[in-house]
Amino acid sequence: AYKIFRKNAAHIAHHHTMKSELYNELDQVLRAYLGDRLHMNPGALSFRDAEQRLSDAGADSETLNEIRHLFALCEAYRFTANYDEQGDAKQIIREATRIVKAVEGMLK
């Protein structure tokens with residue numbers, strides 16, 4: 001699941017520059033990753049759904065806060081059609097990958 005996340009995240013970084021596009025795609029990739037790793041339906045997955053399972057798997061509060069923040073950013077930018085801005089795609093994806101890598105380490 002982590003390899004697929006990285007592959008899909010790299011694709012996002014090369015094909016989008018607007019934050020709404022970046023975070024919308026990242027939202028789908030993040031949900032697919034967590035859905036696969038936590039055996040949950042990714043389409044309806046929210047942070048609240050994943051939080052308890054991540055906590056049970058040993059996720060520390062810092063990692064939970066980071067993934068909560070990432071979910072919040074993804075959700076916020078899904079609704080910014082009238083207000084959008086250029087984003088540093090490589091930096092956004094690098095940060096998301098760092099967070100997911102920390103989660104992956106806890107789920108092994």
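The model is predicted. Start with the overall build. The protein chain holds five helices and zero strands. Read along the sequence, the pattern is α-α-α-α-α.

Next comes the size. The C-alpha atoms of the protein chain fill a box of roughly 40 × 25 × 25 Å, taken along the principal axes. How does the radius of gyration fit a compact globule? For 108 residues, such a globule would have a radius near 13 Å. The protein chain has 13 Å, so the value agrees.

Now look at the packing. Of the 108 residues of the protein chain, 43% count as buried. Contacts also reach along the sequence. Take those between residues at least 6 apart in sequence: 72% of them join residues at least 24 apart.

The accessible surface of the protein chain comes to about 6,400 Å². Carbon and sulfur atoms account for 49% of that area. The protein chain carries 15 positive and 16 negative charges.

Finally, zoom in on histidine 16. This residue is found in the loop between α1 (2–15) and α2 (19–38). Is histidine 16 buried or exposed? Its relative accessibility is 18%. Buried means under 20%, so histidine 16 counts as buried. Which residues does histidine 16 touch, leaving aside those up to four places away in sequence? They are Glu21, Leu22, Glu25 and Ala89. Of these, Glu21, Leu22 and Glu25 fall within the range of α2 (19–38).

Note on methods:
Residues numbered from 1 in each chain as written. Predicted model: local features only at pLDDT ≥ 70, side-chain atom pairs only at ≥ 80, totals over all residues. Heavy atoms only, no water. Helix = DSSP H or I, 4+ residues; strand = E, 2+ residues; numbered from the N terminus. Buried < 20%, exposed > 50% of the residue type's maximum accessible area, 1.4 Å probe, protein only. Contact = heavy atoms within 4.5 Å. Rg over C-alpha atoms; globule rule 2.2 N^0.38 Å. Areas by Shrake-Rupley, 256 points an atom, 1.4 Å probe, with all protein chains shown as cover. Lys, Arg positive; Asp, Glu negative; His and termini not counted. Charge placed at Lys NZ, Arg CZ, Asp CG, Glu CD.
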